[in-house]
Amino acid sequence: MSKLIIEPNLPRPDDFYQQLTDLHRDLTDVQSADVNARLILLLSNHIGDQDVLAQAMQIAREHIPQQD
Amino acid sequence: MFKTYTFPEFDYVRSADQDAAQPVKHPVVIVGAGPMGMTAAVDLAQNDVPVVILDDNNTVSVGSRAVCYAKRFLDISDRLGVGQRLVDKGVTWNIGKVFLEEDHIYSFNMLPEEHHRRPGFINLQQYYLEEYFVDRISTLENADLRWKNKVVAVEHQADSVLLSVETPEGPYQLEASYVIACDGANSKVRAMCGLESKGQIFQDRFLIADVIMDPKKFPPERWFWFNPPFHEGQSTLLHRQADNIWRIDFDLGWDADPEEEKKPENIIPRVKAFLGDDVEFELEWASVYTFTCRRMDEFRQERIFFAGDAAHQVSPFGARGANSGIEDTDNLCWKLKMVLEGKAPENLLDSYSPERAFAADENILNSTRSTDFITPKNAVSRVFRDAVLNLSRNYTFARPLVNSGRLSVPPFLTESPLNTEDTDAFNCKVVPGAPCTDGSITRNGEDDYLLSNLGNQFNGLLFVESHSDLNADLLQALTELAEQDVPVKTFVVASHDMELNLPEGINMVVDKFGVVKERLDAQRGTFYLTRPDQLVTARMRQFDKGRVIAAQNKALGQ
């Protein structure tokens with residue numbers, strides 16, 4: 001099973017972060033949600049590995065207490 | 001009154017059972033003369049098991065209801081002697097198109113391969129299908145279809161089921177070794193057994209309008225719109241049926257008033273908005289429906305088996321209702337025959353529920369996913385759904401995510417206890433538990449199809465490329481298999497026409513385009529064993545009589 005990379009892997013982290021936040025500049029919440037959804041879909045397709053995606057999904061919400 | 005169809009009225013006929021002093025016992029009684037009850041009846045009766053079918057009504061399905069019949073349905077109907085009539089009357093289609101607003105964003109092809117006898121799908125109103133099956137039953141002497149016979153009680157006895165039946169001339173009782181309940185989504189037999197079908201109800205309403213119009217307006221394809229420009233709802237579906245009737249299915253949302261929406265004065269403007277003012281049409285039938293995805297825990301209680309909607313229900317988007325129902329009866333009937341004739345132990349029947357529940361779960365999963373895409377359940381699902389749709393206009397990667405219904409293909413029963421696991425390596429879509437592939441062949445010099453030759457019994461397929469692939473010992477072994485109490489009738493699948501001196505009971509088919517060999521990843525000497533319902537149950541790279549017998553015994557629950 002491929003492993004999700006959770007060690008630093010971005011060559012220019014500050015540039016990336018700025019680009020990500022700039023992407024949403026001037027957008028309404030609704031527009032931002034749409035842009036984020038498109039971004040997730042594009043990146044998921046690029047990764048193309050369901051195991052890696054599942055690990056990312058799990059970590060993305062592991063801080064949220066489980067509700068029954 | 002329909003403009004294009006006159007509903008037959010079948011006569012109630014008094015049965016001798018009603019005058020018997022004691023309840024008369026029958027091998028199999030089927031409750032419900034809908035599509036599933038009738039496919040079961042034909043399957044059993046044509047294989048020499050007498051059946052009684054009880055139906056509380058005396059006509060076919062009013063309104064159109066099921067529309068899309070998949071290739072597997074047609075393959076099974078061929079075995080039941082009705083396939084050609086369905087195809088002749090139905091509208092053949094393979095292509096589905098998906099639109100977002102005004103743009104065509106995605107297409108799919110239900111049968112991208114050539115050399116199959118049947119297409120990916122036909123569309124046909126359910127009443128025609130039922131009428132053709134009634135006709136077929138009337139040609140079978142040991143099928144006794146009793147209209148206006150309403151089952152009001154069932155009682156399990158030691159080795160039978162006692163059924164209490166009401167008729168226009170009063171009640172009577174009859175006994176059955178086995179009962180098949182095919183009495184639909186609101187199965188009364190299920191309720192009488194104290195059983196439930198459990199699952200998810202979807203909070204959405206859909207309007208079906210069947211309209212008569214010029215067939216040239218649209219091609220015979222399945223067209224599905226997300227956010228249609230002509231309708232304020234989330235989706236619209238268009239399908240052509242026989243008699244120039246088009247099925248239009250509008251999503252109305254949960255708040256719509258079903259009684260209001262069913263009125264012609266409300267339907268006609270919706271259809272007009274869709275077709276444009278200049279297209280003439282007449283309204284044939286309309287209905288507002290909601291749907292559920294649910295199933296019973298077990299499709300059997302003692303000697304009563306549940307099939308079709310009685311056992312499991314899905315949303316309509318995958319055309320997986322009737323198409324899975326016929327796979328139920330296809331699965332059950334040969335097992336009942338074997339057990340009734342003492343050729344298989346009773347525990348063969350134990351495989352019915354797990355095999356078909358496995359299939360039902362796959363159907364429910366697909367149908368639920370489609371429904372969740374078509375009518376998103378929360379705000380974020382909607383955001384993702386709309387993002388997929390909008391990206392799919394310009395980016396092909398998003399198109400496989402667009403889900404307007406994953407249309408019925410037979411679930412492969414890979415977990416079946418009747419399968420013999422592969423010990424040799426094969427690399428093809430067909431696996432043990434899957435229906436055998438079809439393919440063009442010749443038999444006795446005549447063009448034919450493989451599936452038309454398989455079924456109702458165990459079959460073997462032995463692939464040969466020259467007469468030297470067959471020797472006397474091999475032919476002797478195949479003959480012994482063909483002469484067993486439960487025969488295995490082998491077809492020698494020849495790569496080209498050749499002179500083979502085959503003993504009685506062994507036949508040759510010529511794989512004239514090589515598609516059978518390719519689709520089964522066969523090589524010289526490969527052997528496949530198929531069940532009476534055409535499912536592959538075992539395969540091997542080299543024929544071995546002992547292994548074939550062991551696999552057949554396993555498939556018989558022994």
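**Note on a predicted two-chain model**

1. Just after helix α2 of chain B, the backbone of B:Gly81 takes a positive phi of about 85 degrees.

2. Helix α2(B), residues 71–79, is mostly covered, since nine of its nine residues are buried.

3. From α1(B) the contact draws on B:Pro35, B:Met36, B:Thr39, B:Ala40, B:Asp43 and B:Leu44, while α8(B) contributes B:Ala322, B:Gly325, B:Ile326, B:Asp328, B:Thr329, B:Cys333, B:Leu336 and B:Lys337. Sorted by class, the residues of this contact are eight nonpolar, three polar and three charged.

4. Two asparagines of chain B deserve a check of their backbone angles. B:Asn244, although not a glycine, has a positive phi of about 60 degrees, and its place is in the loop between β15 (235–240) and β16 (245–251) of chain B. B:Asn444 is likewise not a glycine and has a positive phi of about 50 degrees, in the loop between β22 (440–443) and β23 (446–449) of chain B.

5. How many other C-beta atoms lie within 10 Å of B:Asn244? There are 18, and B:Asn244 is therefore partly exposed, because a buried residue needs 20 or more and an exposed one has 12 or fewer. B:Asn444, with 9 other C-beta atoms within 10 Å, is exposed.

6. B:Cys293 belongs to strand β18 of chain B, which covers residues 292–295, and with 21 other C-beta atoms within 10 Å this cysteine is buried. Leaving aside residues up to four places away in sequence, B:Cys293 touches B:Gly199, B:Gln200, B:Gln313, B:Val314, B:Ser315, B:Ile364, B:Ser367 and B:Thr368. One of these, B:Ile364, is 71 residues away along the chain, yet the C-alpha atoms of B:Cys293 and B:Ile364 are separated by 6.0 Å.

7. For chain B as a whole, the secondary structure comes to 13 helices and 28 strands. Its C-alpha trace spans about 75 × 65 × 40 Å along the principal axes, and its radius of gyration of 25 Å agrees with the value near 24 Å that a compact globule of 558 residues would have. Of those 558 residues, 48% count as buried. Among contacts in chain B with a separation of 6 or more, 72% come from residues 24 or more positions apart.

8. Chain A has three helices and zero strands, in the order α-α-α along the sequence. Its radius of gyration is 14 Å, whereas a compact globule of 68 residues would have one near 11 Å, and its C-alpha trace spans about 40 × 40 × 20 Å along the principal axes. Of the 68 residues of chain A, 1% count as buried.

9. Where the chains meet, six residues of chain A are in contact with seven residues of chain B, and the side of chain A that touches chain B holds three nonpolar, one polar and two charged residues. Helix α2(A), residues 29–47, and helix α10(B), residues 379–394, have axes that come within 9 Å and cross at roughly 65 degrees. The two helices are therefore roughly perpendicular to each other, and their crossing is right-handed. The contact joins A:Ala33, A:Asp34, A:Ala37, A:Arg38 and A:Leu41 of α2(A) with B:Val383, B:Phe384, B:Ala387, B:Val388 and B:Leu391 of α10(B). By class, the residues of this helix pair divide into eight nonpolar, no polar and two charged.

Definitions and conventions:
Residues are numbered from 1 along each chain as its sequence is written. Chains are lettered from A and ligands numbered from 1 in the order in which they are written. This is a predicted model: local features need pLDDT of at least 70, side-chain atom pairs count only at pLDDT 80 or more; totals for chains, interfaces and linings use all residues. Helices (H or I, at least four residues) and strands (E, at least two) are DSSP runs, numbered from the N terminus. The radius of gyration is taken over C-alpha atoms; the globule rule is 2.2 Å times the number of residues to the power 0.38. Two residues are in contact if their C-beta atoms, placed from the backbone, lie within 7 Å. Ala, Val, Leu, Ile, Met, Phe, Trp, Tyr, Cys and Pro count as nonpolar, Asp, Glu, Lys and Arg as charged, and the others, Gly among them, as polar. Axes are lines fitted to C-alpha atoms, for helices over the stretch in contact, and angles run from 0 to 180 degrees between N-to-C directions. Angles under 35 degrees count as roughly parallel, over 145 as roughly antiparallel, 65 to 115 as roughly perpendicular and the rest as oblique. A crossing is left-handed if the near helix is turned anticlockwise from the far one by less than a right angle, and right-handed if clockwise.
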